[in-house]
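Dear colleague,

I am handing over the structure we spoke about, with the sequence alongside it. Please open it first, and then read the notes below with the model in view.

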Amino acid sequence: PAASDLQTALLNFISAPPTRGDEPLRTGAGQALKAVLAEVSVRQARVSGGKRKSYHRLRLALKNIRYTLEFLSSALDPQVKDVIGDLVRAQDQLGGMNDARLLERRLTRFLDEWAEQQAKRKAPQLHGAQAILQYSHARQGLWEQHLAEFEADWGPVKAARLRQRVNTVLKAAKGQPPRTAAARPARPKPS
């Protein structure tokens with residue numbers, strides 16, 4: 001009985017996404033996305049070439065907005081798939097950067113520990129870590145390679161551009177035409 005109740009609840013959830021009070025999901029989506037967009041802005045501002053972990057934190061923020069968009073996608077305009085695709089590409093590059101960062105750190109730690117162990121031995125083995133050292137040297141440019149690829153995929157998901165794209169998707173879902181330069185109201189000129 002409990003399993004069938006759960007299955008029924010899940011089917012109801014999937015076929016009729018949740019609402020906030022009387023508010024349809026597509027109306028509440030803007031509020032849900034506002035917080036994750038703000039996190040992307042914060043993480044983007046903190047990205048620093050010297051702090052490689054800052055890119056990993058940006059990746060996590062992009063992952064949050066991606067998952068939020070995927071969850072809400074049935075209530076949003078189909079063009080949300082393009083936004084999600086761009087997020088996936090950027091996340092893949094950031095994931096590669098993080099993998100390279102962790103690999104570099106682990107190889108360095110291994111080689112340092114190996115050197116300490118050899119220093120304690122009466123007859124150190126100078127050739128024992130040669131393959132690991134060669135592998136480490138071969139992988140030194142990996143992070144920079146992923147960074148260059150990420151920078152090529154970064155434009156469509158930079159915080160300001162991502163916010164514009166998400167707002168366009170939200171407006172389309174609500175049946176409102178997106179604002180274009182021609183549709184913007186003219187601002188009064190200061191006198």
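Among the contacts in the protein with a separation of 6 or more, 70% are accounted for by residues 24 or more positions apart. Please keep in mind throughout that this is a predicted model, and that every value below is computed from it.

**Overall picture**

The protein has seven helices and zero strands, so that the pattern read along the sequence is α-α-α-α-α-α-α. Of its 191 residues, 30% count as buried, and the accessible surface comes to about 12,700 Å², of which 53% belongs to carbon and sulfur atoms.

**Helix α4 against α3**

Helix α3, which covers residues 53-72, and helix α4, which covers residues 80-120, pack at an angle of about 150 degrees, and their axes lie 9 Å apart. Since angles over 145 degrees count as roughly antiparallel, α3 and α4 are therefore roughly antiparallel to each other. The crossing in which α3 passes α4 is left-handed.

On the α3 side the residues in contact are Lys53, Tyr55, His56, Leu58, Arg59, Leu62, Lys63, Ile65, Arg66, Leu69 and Glu70, and these meet Val80, Val83, Ile84, Leu87, Val88, Ala90, Gln91, Leu94, Gly95, Met97, Asn98 and Arg101 on the α4 side. Sorted by class, this contact of α3 with α4 has 13 nonpolar, four polar and six charged residues.

If its neighbours within four places in sequence are left aside, Leu94 is in contact with Tyr55, Leu58, Arg59, Leu62 and Phe150. For one of these, Leu62, the C-alpha atom is separated from that of Leu94 by 9.7 Å, while the two residues are 32 residues apart along the chain.

**Helix α4 against α6**

Which residues of α4 and α6 make the contact between these two helices? The axes of α4 and of helix α6, which covers residues 142-154, come within 9 Å and cross at roughly 165 degrees; α4 and α6 are therefore roughly antiparallel to each other, and α4 passes α6 in a left-handed crossing. From α4 the contact draws on Arg89, Ala90, Gln93, Leu94, Gly96, Met97, Ala100 and Arg101, and from α6 on Leu142, Trp143, His146, Leu147, Glu149, Phe150 and Asp153. By class, the contact of α4 with α6 has eight nonpolar, three polar and four charged residues.

Not counting residues up to four places away in sequence, Ala100 touches Leu142 and Trp143. The C-alpha atoms of Ala100 and Trp143 are separated by 5.3 Å, although the two residues are 43 residues apart along the chain.

**Helix α4 against α5**

Helix α5 covers residues 130-138, and it packs with α4 at an angle of about 150 degrees, with the axes 10 Å apart. The helices α4 and α5 are therefore roughly antiparallel to each other, and the crossing in which α4 passes α5 is left-handed. Leu103, Leu107, Phe110 and Leu111 of α4 make this contact together with Ile132, Leu133, Tyr135 and Ser136 of α5. By class, the contact of α4 with α5 has seven nonpolar, one polar and no charged residues.

From C-alpha to C-alpha, Phe110 and Ile132 are 8.8 Å apart in space, and they are 22 residues apart in sequence.

With kind regards

Terms used
Residues are numbered from 1 along each chain as its sequence is written. This is a predicted model: local features need pLDDT of at least 70, side-chain atom pairs count only at pLDDT 80 or more; totals for chains, interfaces and linings use all residues. Side-chain values use heavy atoms; hydrogens and water are left out. Axes are lines fitted to C-alpha atoms, for helices over the stretch in contact, and angles run from 0 to 180 degrees between N-to-C directions. Helices (H or I, at least four residues) and strands (E, at least two) are DSSP runs, numbered from the N terminus. Angles under 35 degrees count as roughly parallel, over 145 as roughly antiparallel, 65 to 115 as roughly perpendicular and the rest as oblique. A crossing is left-handed if the near helix is turned anticlockwise from the far one by less than a right angle, and right-handed if clockwise. Contact means heavy atoms within 4.5 Å. Ala, Val, Leu, Ile, Met, Phe, Trp, Tyr, Cys and Pro count as nonpolar, Asp, Glu, Lys and Arg as charged, and the others, Gly among them, as polar. Buried means under 20% relative accessible area, exposed over 50%, partly exposed in between (1.4 Å probe, protein chains only). Accessible areas come from the Shrake-Rupley method with a 1.4 Å probe; for residues, only the protein chains shown count as cover.
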